[in-house]
Amino acid sequence: MKQKNYTLQDGGIITASCAAEFVTNLRESSRFDNECTDQDYMSNFAERFKQYSGSEIRTDTPDNFLEDLIKFDYAKVVD
């Protein structure tokens, strides 16, 4: 799969070839929960995001998680 670059709302950049790789890379680069599982990270991130923005992010799959991060302008695909 082709690698994509994503810019994050906080100024970070994630490079990944799929949503699962995006979640792993996001978790590993995070100040929060970087040593937990990807599933736990998505759940914890979604909880913090809801408190901060009021928006709910799906955590059932990495694809839905990434789709929602893009939908709520936390992540953007860079060409």
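Predicted model: local features only at pLDDT ≥ 70, side-chain atom pairs only at ≥ 80, totals over all residues.
For F22, contacts beyond the neighbours within four places in sequence are made with Y6, L8, I14, A16, L66, L69 and A75.

Seven aromatic pairs are present in the structure. One of them, between F45 and F49, is stacked, with 6.1 Å centre to centre and 15° between the planes. Both residues belong to helix α2, where a spacing of four residues separates F45 and F49 by about one helical turn. F45 and F49 are both buried. F49 also pairs with F72; this pair is tilted, at 6.3 Å centre to centre and with 45° between the planes. Because F49 is in helix α2 and F72 is in the loop between α3 and β3 (75-78), the pair ties together parts that are 23 residues apart in sequence. F49 has a relative accessibility of 7% and counts as buried, whereas F72, at a relative accessible area of 24%, is partly exposed. Through ring pairs, Y41, F45, F49, F65, F72 and Y74 are linked into a cluster.

S30 lies in the loop between α1 and α2. With a relative accessible area of 12%, S30 is buried, since the limit for buried is under 20%. The C-alpha atoms of S30 and G12 are 10.0 Å apart in space, and the two residues are 18 residues apart in sequence.

Definitions and conventions
Residues numbered from 1 in each chain as written. Heavy atoms only, no water. Contact = heavy atoms within 4.5 Å. Helix = DSSP H or I, 4+ residues; strand = E, 2+ residues; numbered from the N terminus. Buried < 20%, exposed > 50% of the residue type's maximum accessible area, 1.4 Å probe, protein only. Phe/Tyr/Trp six-rings, centres within 6.5 Å; stacked < 30°, edge-to-face > 60°.
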